[in-house]
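Please read it alongside the sequence and the structure shown here.

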Amino acid sequence: MNKPKVVVTRTQFENEMERLRDVSDLIIIDTPNPPTSEELKQKISGATALFAHINDSVNAEIMDAAGPSLKVIAEFGVGYDNVDVDAANERNIAVANTPGVLTETTASFAFTLMQSAARRIAEADRFVRNGKWAHFEPLDLLGYDLSSSVLGIIGFGRIGSYLGKIANDNGMKVLYYNRSIPEETYGAQRMDSLEELLENSDVVSLHCPYTPETKNLITKKQLKLMKKSSTLINTARGPIVNLDDLYESLSSGVIAYAVLDVTDPEPINMDHPILNLDNLTILPHIASATVETRKKMSKMTVDNILEGLQNKLPTYCVNSENISW
Ligand code: DGY
């Protein structure tokens, strides 16, 4: 009997690929760049499952190129905004993700970014490399202590609330803005509006999902409400922050600093003027990038696919209420 076809869009951990190879006709797209839409359409034809990554725009056209055999789209990550879930619902395709396993890694990364902004790590590194380290200078490169700062967290789900816990443990006052009231708040104080959170925070960290409602959530209007001395951290999704407005606000002193692990688009256009600013640290979407966490994410993505191949709805299916198998 023919084995079902499974397509993996990037090179992944080999032990996890072995698990798929045992039961499927496995295609791994290991080209230097992620597949274009046209390439993916060709590869996915006749597939039963797709192991997708954030770069892949998995829309109706891709699903139709796979044809009626496609049962599972398993995203390597907790965010699945690159998958058109409505189109998947219409085609009875299960969409699955990897919640939980990256919470601590991502939240602690956001805290690390806050620390590095507060202690001017990137700037100090450039200072040395540019030959400016002449002697010890008591009043140079002074940062600030997070323990005397207020953190405002936008989106208080798994990752946001875990960051709240870390910040609280480190003596910060924590505010949050979230539509629903979470079960555990670790001493964080709820703000009734986004405006109230922005006005009262020294550091603002974004942890909401990317949806039509959160696209451009932070534009120059919101940045103006923040303190002049404040820092914005984005480890969520690029389009939540308007990059041109952020550039304007950073270059005219509306806010003091920003750290971006995500941008719109990704990768960032290398001509964007924001890359010339000293009060920005920019990273290539690495919040969950530890060996331990990426291995767990890979395993969970494969588990989701294997369940689907056995006609079981994946444990971490995000659209189970719309699927009838
Ligand atoms: C996630 O898990 O959503 C990460 O951003 C990788 O896509």
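In this predicted model, the domain assignment divides the protein chain into domain 1, residues 5-99 + 291-322, and domain 2, residues 103-282. The centres of the two domains, taken over C-alpha atoms, lie 32 Å apart.

**Interface between the domains**

- Contact between the domains involves 6 residues of domain 1 and 5 residues of domain 2.
- Domain 1 and domain 2 bury about 460 Å² between them, and carbon and sulfur atoms account for 50% of this area.
- Of the area that domain 1 buries against domain 2, 66% comes from Asp81, Pro99 and Thr293, more than from any other three residues.

**Polar and charged interactions across the interface**

- The interface of domain 1 and domain 2 contains 1 salt bridge.
- Asp81 and Arg237 form a salt bridge, with 2.9 Å between the closest N and O atoms.
- Between domain 1 and domain 2, 2 residue pairs are in polar contact.
- On the side of domain 1 that touches domain 2, 3 residues are nonpolar, 2 are polar and 1 is charged.

**Ligand surroundings**

- Val78 places a backbone N or O atom 2.7 Å from an oxygen atom of the ligand.
- The side chain of Arg237 has an N or O atom 2.8 Å from an oxygen atom of the ligand.
- His285 has a polar side-chain atom 2.7 Å from an oxygen atom of the ligand.
- On its own the ligand has 230 Å² of accessible area, of which the protein covers 88%.

How values were computed:
Residues are numbered from 1 along each chain as its sequence is written. This is a predicted model: local features need pLDDT of at least 70, side-chain atom pairs count only at pLDDT 80 or more; totals for chains, interfaces and linings use all residues. Side-chain values use heavy atoms; hydrogens and water are left out. Domain bounds come from an automatic or database domain assignment. Contact means heavy atoms within 4.5 Å. Buried area is the accessible area (1.4 Å probe) that two parts lose on being put together, summed over both. A salt bridge is a side-chain nitrogen of Lys or Arg within 4 Å of a carboxyl oxygen of Asp or Glu. A polar contact is a pair of N or O atoms within 3.5 Å; within protein, one must be able to donate a hydrogen and the other to accept it, and residues adjacent in sequence count only if both atoms are side-chain atoms. Ala, Val, Leu, Ile, Met, Phe, Trp, Tyr, Cys and Pro count as nonpolar, Asp, Glu, Lys and Arg as charged, and the others, Gly among them, as polar. Accessible areas come from the Shrake-Rupley method with a 1.4 Å probe; for residues, only the protein chains shown count as cover.
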